[in-house]
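Open the model in your viewer and keep the selection tool at hand. The stops below go from a single residue out to the sheet and back to the whole chain.

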Amino acid sequence: MKSLKVIAFDADDTLFINEPYFEETEKKFCGLMENYLSHQSLSQALFKHQIENLPLYGYGIKSYILSMIQTAIEVSDGTVSIKHIDKVLELGKELLQKPIVLLEGVEQTLQALHGNYKLVVATKGDLKDQQRKLHDSGLGEYFHHIEVMADKKELNYNKLLKRLDIEPHEFFMIGNSLRSDVLPVLNIGGYACHVPFHTTWAHELIDHEIEHDNFMK
C-alpha cells in the first residue's frame, strides 16, 4: 500500500445516490404497464432486455429508456399506445434530472485524501449524464481525472492505468460493486475496497466470497 499513487472512486452509489432512483422509475414503469403483466414479470422482462442490450447500448439512463420501450412493445404484443411510449420517455427524462444527494462522509473523505494522492473518478454510464452529476455534486475540484468507462473489466482498467501512467500496484479502487469495482482490479494486481450500498443492481452482484490480500472491506 505504500506504493499507492492513485485512488479511484466509482460514482453511482459510492459518491452519490443512484440505484434508488432507478428502482423508483421501475415501479412507475410497472404501474404504467400493469394491464399487460404483473409487476414481477414486468421487472423480469425489463432486466432481461437491459442485459441483452448492454453490448449494443452500454450502461446508463439512455440505454435504460430504450430497454423500457422495448419491454413495453414486447409485453403488449406491439399494441402499446403512443401515449404510453411518451410516458416512458417522460420517466427517462425525470431520471436524467434527479437531484444529486451525496452519501454520508464522502466530501470529508475526499478532503482528507486530496493532496496526498491523485484522486480519480472511474465510473460507467452515459458520458453527458455522469458529467452533469459530477458537476452538480460540487466534487469536481477534488479529482485529477474523470473516466467514464464503457465497461469495467480488466481490459478497461488496464487502459485507464496506461492513461494515468501507473502500475497496478500503484492503483486503489473504491466502489459499491464487487463485480465491477473489485474483482477486475484485483485480477490485474491492483488494490480494491468494497463500500456496500443498501441496494445494488442485480447485474452487479456475485455469488461467492472474495479472499485476496489486496482486498479491503
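Select Val106 first: this residue is buried, at 9% relative accessible area (buried means under 20%, exposed over 50%, partly exposed in between, with a 1.4 Å probe and protein chains only). The model is a predicted one, in which local features need pLDDT of at least 70 and side-chain atom pairs count only at pLDDT 80 or more, while totals for chains, interfaces and linings use all residues. Residues are numbered from 1 along each chain as its sequence is written, and side-chain values use heavy atoms, with hydrogens and water left out.

Now show what surrounds Val106. Leaving aside residues up to four places away in sequence, Val106 touches Thr14, Leu15 and Leu139, where a contact means heavy atoms within 4.5 Å. For a distance check, pick Ile51: it lies 55 residues from Val106 in sequence, and the two C-alpha atoms are 30 Å apart.

Helices (H or I, at least four residues) and strands (E, at least two) are DSSP runs, numbered from the N terminus. Axes here are lines fitted to C-alpha atoms, for helices over the stretch in contact, and angles run from 0 to 180 degrees between N-to-C directions.

Next, colour the strands. In what order do the 6 strands of the open sheet stand? The order is E3-E2-E1-E4-E5-E6, with parallel pairing. Strand E3 (145-149) and strand E6 (215-216) are at the edges with a single partner strand each, so one side of each has no neighbour in the sheet. Two strands pair if DSSP finds at least two bridges between them.

- E2 and E3 run parallel and are joined by 5 bridges; Val120 stands opposite His145 in E3.
- E1 and E2 pair in the parallel sense over 4 bridges, and Ala8 faces Val120 in E2.
- E1 (residues 6-9) and E4 (residues 171-175) are parallel too, with 4 bridges; the partner of Ile7 in E4 is Phe172.

Helix H8 (residues 178-187) also packs on the sheet, touching E2, E4, strand E5 (191-194) and E6, and its direction makes about 155° with that of E5. Return to E2 and colour by accessibility: 6 of its 7 residues are buried, so the strand is largely enclosed by the rest of the structure.

Then select Lys133, in helix H6 (residues 127-137). Is Lys133 buried or exposed? At 5% relative accessibility, Lys133 counts as buried. Its side chain makes a polar contact of 2.7 Å with the side chain of Asp12. A polar contact is a pair of N or O atoms within 3.5 Å; within protein, one must be able to donate a hydrogen and the other to accept it, and residues adjacent in sequence count only if both atoms are side-chain atoms. Apart from residues up to four places away in sequence, Lys133 touches Asp12, Phe16, Asn18 and Ile100.

Finally, zoom out to the whole protein. There are 8 helices and 6 strands, and 50% of the 217 residues count as buried. Along its principal axes the C-alpha trace spans about 60 × 35 × 30 Å.
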